Amino acid sequence: MQRLAEFGWRLLPFIAAITIWYLVRWSGLVDQGLLPPPHAVFVEIWRRSLDGGFLLDAWMSVRRVLLGLFFGMLLAVPVGFLIGWNRGVRRFVDPLVNFFRALPPIALIPLVIVYLGIGEVAKVAILFYAAFFAGVIVMYEGMSQINPLFVRVARTLGATDWEIFYKVIIPLTIPHVLTATRVALGVAWATLVASELVAAQNGIGAVIQNASAFFQLTTIYAGIVTIGFFALLMDSVLRAITRNFLNWQDRVAQ
Amino acid sequence: MQRLAEFGWRLLPFIAAITIWYLVRWSGLVDQGLLPPPHAVFVEIWRRSLDGGFLLDAWMSVRRVLLGLFFGMLLAVPVGFLIGWNRGVRRFVDPLVNFFRALPPIALIPLVIVYLGIGEVAKVAILFYAAFFAGVIVMYEGMSQINPLFVRVARTLGATDWEIFYKVIIPLTIPHVLTATRVALGVAWATLVASELVAAQNGIGAVIQNASAFFQLTTIYAGIVTIGFFALLMDSVLRAITRNFLNWQDRVAQ
Amino acid sequence: MNASASFQLCEPAASAHSPDVKVQFRDVYKTYGRIEVVHGVSFDINEGDFISLVGPSGCGKTTMMNMLAGFTEPDRGEVLLEGNRVTGPGPDRGVMFQDYGVFPWLTVEQNIRFGLDLRVKRGMSKEEKRETVEKYIALMRLGDFRDAWPKNLSGGMRQRLALARAYAANPHFLLMDEPFGALDAQTRSAMHDLLLGIMQSERKTALLITHSVEEAIYLSNRILVISARPSRVVEEIRVPFSDQRDRELLDTHEFIEMRRHLRDLVMQQYAQQQELR
Amino acid sequence: MNASASFQLCEPAASAHSPDVKVQFRDVYKTYGRIEVVHGVSFDINEGDFISLVGPSGCGKTTMMNMLAGFTEPDRGEVLLEGNRVTGPGPDRGVMFQDYGVFPWLTVEQNIRFGLDLRVKRGMSKEEKRETVEKYIALMRLGDFRDAWPKNLSGGMRQRLALARAYAANPHFLLMDEPFGALDAQTRSAMHDLLLGIMQSERKTALLITHSVEEAIYLSNRILVISARPSRVVEEIRVPFSDQRDRELLDTHEFIEMRRHLRDLVMQQYAQQQELR
Amino acid sequence: AGSTDPIRVGYLHTLAVDGQIWTAQHQGEWEKQGLKPTFTRFYTGLEIFQAMVGGSIDVLATGAVISNFPSRGQGKAFLINSVEFATAQLWVNPAMGVSSFADLKGKRIATSIGTTAHVFLDTALRANGIDPKSDVQIINQRMPDATTAFISGAVPAVALWVPFNLQVRERVKDAKMLVDASKFYPDAAILGGWAARNDFYDERKDVLERIIKTWLPANKELIENTDATLKMLQQTQYPDVPLSELTEQFKAEKLFPAEKWAEMYKDGTVTAWLNRVTDFYAKIGGISDAVPASKYFDPSLFLKAVG
Ligand SMILES: Nc1ncnc2c1ncn2[C@@H]1O[C@H](COP(=O)(O)OP(=O)(O)OP(=O)(O)O)[C@@H](O)[C@H]1O
Ligand SMILES: Nc1ncnc2c1ncn2[C@@H]1O[C@H](COP(=O)(O)OP(=O)(O)OP(=O)(O)O)[C@@H](O)[C@H]1O
Ligand SMILES: [Mg+2]
Ligand SMILES: [Mg+2]
């Protein structure tokens, strides 16, 4: 009973959102042709999933996002650390990071196509780019908020720079790594369509592109809903995984 | 002398980047026709600025980014607070935020056109969307890391919920507001081109769009460099403004 | 020793709420995970009492105070404040925390003023507020640091700042968790006399947690000796001295006698805790 | 009082570095912003010394310790460690901080083990490390909490944890900033005896900052009385008791005499600081 | 050629561009010519060219941009697919006060810059005495967005290509097609066709010839057996597009038998058409030293294949 209620609570926001969607449609505020009804969208998702192609598309996109996110964070974490930790590195890298993180992925597509081609590498590279720059700044800011007392304590116990880094700084920045990863995850998904502009044969972004080429609004919505769904799922998994890393924190919101 | 050296240090990363750019070009790794030389790009910026149009474009883009960022953060801060603060709100809003923040701005353009047209409002709305969702998640994560001791102290002094909110939570989350704003700033710039896809009449994104329609690489690079420049500038201003809000913190990196 | 009427509180306090009983702990239990912290504690605090808790480190004193302050709920039994179950913190009970909780983003002056600028104090005039702040800045000798941030204060100064903030809010009931631990002996006695003065002039009730037996006797009218974990009240000691106390009291025979007695009691608890292990 | 040879150190210490002089403070000055904290302090610490600093709250004791630990640099003058200017912290000087600095992301056991798992201890065998950890868990009586996070410890337990961590790393030179402030009298004496034992058996050097005059006398062979801010060394007191000390010492006439003398000195400084305001 | 040669082909998924490709595949023509193509689908001609320039593909099939990149020295055109006869259309919304060219003055027209639609729009406006630069405001949008903008009433006019006309017709009941590209045929025509990467063109002319030989029978099949072929294409390649719609799209393009093309290749008609579009790109897109069609378009391979 308890669990059922819990489940109901979880669904509530989505039920509310879908209700609003219906209301907007029925209110006649917008041309009905420009806003497919929710059930049509879900039927579309169902239909496309049944024939299998859509699931493959979803899988391709999820894979790309995961790869981009993984490599992006793999680089963002140490670079964020270095910027926060070493004044020389900060001076040199910080301006470059702030320059490059603002560059729009779409504007980079011509360059990516030319230099990296049209394969998976190119697509993942764009997601990597987006994830890296979203993550690195959160990491760096988190880094710089560390209480120096802990570093001092570690030093007096004889920790080397490297030991301080991985025994003090890393644990203290885990919460920030989590934040950074969550931000990067969102940004990576949001960049997905742009990345699949690069000769997209498959992927949800490609499905959306494709549908746009024929103005199939229902399919576009189906693609958007699917992206949101997978993003939500990955975000939940991420939080579940990392929850036990944060037990030591005294938090206002548990 | 000191200040001159400082200035030199600041320029160094850019000089290094430009040098690498030249080297790549000269090395013949990429077709020379595909990578305009830096000086050509700067000449292009200069030429376009002289005839005035480019400055107007830049100004339009800066204005859009500023507006989007402003309204985005204006909403992200209280929503981030609410999610972190109130369990009911969190339950309801958090899943929606995680769903919507992953939706690609490009995929949303048709919807924006339908509901908001193709004017400034539509463009700013996309930037608002991007800034809001990038910011809110950082805010929320920052919120939830607050040490409950301070909340307790305030309660025993008689603070109401609202007083705790604006006298304790807000100051403690200022660093996170800064981080969130910086992240949102980057994301807003990165979304600029997408937002100007709504109807590329003016703005740096439009310049890039139009140039890519004819594969004018020098102009594309000029646009990209300009975006990076303004993003960097705004980021520096933001940090300078907020620096004194953080004096109270004991930070590892000063 | 006949000066102190010592007895053990075993049965729950009378359920009738007499008007000058301010607080009742009634058969309170608390367990954290596998570890039982509070085990059937019952005692009363009367209006105007200055009550001290002494006991070995980690026995559960802070936990008890937190229950009264409204931050923790008992697992069993109840904590009544003026006859009502405590449900949350309130400005009637000012708390000075063991780890200070000085607000790092406010200067010394702003920290002290914090409580005064809240809605609960809207009746107070501006002038009055200013004077209160000035008074405590001076009393805590933080004048040179009025605009300093807490990160730039010494440990003892931070403790004094937390005291100033708690006193300035002027609660009816003061809960203090080792409030003088980081102070040198002289500053400490100044603080003692200040506190006695406040108690006297403003008719407050106070609960003090301390490790200094001397401090407990000097300040309180009743002392509860708490056992090793899980904590029970081992003994209640009534301090027979008048409310007008000064440093000379410390050298009186009664004082020294009482100190010895109390030390012995605490020592027993300590020994017991060691055996438990 | 003839038991203590008291004299004021005004001129810089002799510049020759004699082999058993471990630390030299030479005419050290330090100012934070507008506030002068340390004003021309000079003293030596010899190999094997147990030296205590006592002085009013906020006078600059922690600042001096930080200079020796390598966290702060003097504005003028120099702090020499074995003849070399101190440039940074090192594992030769173990520090127990006033605000503990217990690592919140490690459990009690992991905190104690932290120092042992560092590169500097690679010579130590696994078994030895395990034993050391167990020993301090037992000595600090944290057995029930070996897997607890610091946020779930009481104030005194956190202090004991910080002590355990500092001792377990086994530095040659121990710097302790009010290490026993949050402990009850009994735990405190246990800690005193533990510390004396360690000093004795392992021939360490120690610097202790404390507000307890009694503690300073009981533990040290030399005591420096620090003046009100800006701090100078007002007087150095040599403690004449043998290295073998026990609680009975506290009741001897010499001890009580010396305590009175020291209290008077500190009191004077306190009064002076008050006048300064 | 005894062995099979792998080639990488980029294409646009629209009947006017890939009709022959899939017909040839259905008939097994690629294997017959010893070619093993991998097809990569793109959304704009621009991106195919970028990919080809970057070396990711060898040959491509596209629309009007065939006159853009090669004139910058990137790629060589060697085969013309079709004339984009009526694929480009200019639609206006009378409800917003535009029902003639005269009404367009001072109004906003949405289109995708640099595409077939843009080239056509430029021609159409000039032919009606409207200066595309000063008299109207051309708004650059991706075609789905441009269509959406028109339907939702954000712009009163749109220059589009099929199949976007279907949505417009359906959603904006009184929308009016002002003109389509056929109006300017044969003076001006927008061609779609094939181009090869420069080095590929230099080294593998034999492969290009075989591509042409693959294309020839497919083109023939499309022209002579239209209904069946379209049905097959609908089933295999355009499952989302109803047959009627596909037929309509087919009508919007103009295919010629090989002999007719050969004639036009020879007498310079094709070159002239290409040049006209190239001039447009040179002017609008700021190509300096544009390579003329006579240099980037090589009719010889086709003529050789046709015999
Ligand atoms: N939130 C908590 N979770 C788990 N255990 C806790 C928690 N708070 C306190 N404890 C445990 O309860 C016991 C009593 O803690 P408490 O802080 O009340 O002790 P104390 O008497 O104040 O000690 P001290 O004099 O050292 O401050 C300790 O063993 C502590 O570990
Ligand atoms: N980082 C700093 N910036 C500015 N002022 C500081 C800083 N650190 C210490 N001070 C000031 O220096 C003085 C001495 O501080 P210190 O911590 O050394 O005192 P202390 O003798 O240890 O006092 P306590 O016994 O209260 O711990 C104080 O007035 C303090 O405000
Ligand atoms: Mg406590
Ligand atoms: Mg100190």
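Me: Hi! In chain A, what share of the contacts with a separation of 6 or more comes from residues 24 or more positions apart?
Reply: Hello! Such residues account for 74% of those contacts in chain A. Keep in mind that this is a predicted model.

Me: Got it. How many helices and strands are there in chain A?
Reply: Chain A has 10 helices and zero strands. Following the sequence, you read α-α-α-α-α-α-α-α-α-α.

Me: And what does the C-alpha trace of chain A span along its principal axes?
Reply: About 70 × 55 × 35 Å. Of the 254 residues in chain A, 64% are buried.

Me: What about charges, how many positive and negative side chains does chain A have?
Reply: There are 19 positive and 13 negative ones, with the centres of the two sets 5 Å apart.

Me: New topic! What rotation superposes chain A on chain B?
Reply: A rotation of 180 degrees, with 0.2 Å of shift along its axis, and the RMSD is 0.3 Å. That is how a two-fold axis relates two copies. Also, 99% of the interface residues of chain A are interface residues in chain B too, so the copies meet through the same surface.

Me: Over to chain C. In which sense do β1(C) and β4(C) pair?
Reply: They pair in the antiparallel sense, over five bridges. Within that, R26(C) has E78(C) of β4(C) as its bridge partner.

Me: Which residue in β5(C) stands opposite L81(C)?
Reply: That's N84(C). β4(C) and β5(C) pair in the antiparallel sense over two bridges. Their hairpin has two residues between the strands, and E82(C) takes a positive phi near 50 degrees there.

Key:
Residues numbered from 1 in each chain as written. Chains lettered and ligands numbered in written order. Predicted model: local features only at pLDDT ≥ 70, side-chain atom pairs only at ≥ 80, totals over all residues. Heavy atoms only, no water. Least-squares fit on C-alpha atoms with pLDDT ≥ 70 in both. Contact = heavy atoms within 4.5 Å. Pairing = 2+ DSSP bridges. Helix = DSSP H or I, 4+ residues; strand = E, 2+ residues; numbered from the N terminus. Buried < 20%, exposed > 50% of the residue type's maximum accessible area, 1.4 Å probe, protein only. Lys, Arg positive; Asp, Glu negative; His and termini not counted. Charge placed at Lys NZ, Arg CZ, Asp CG, Glu CD.
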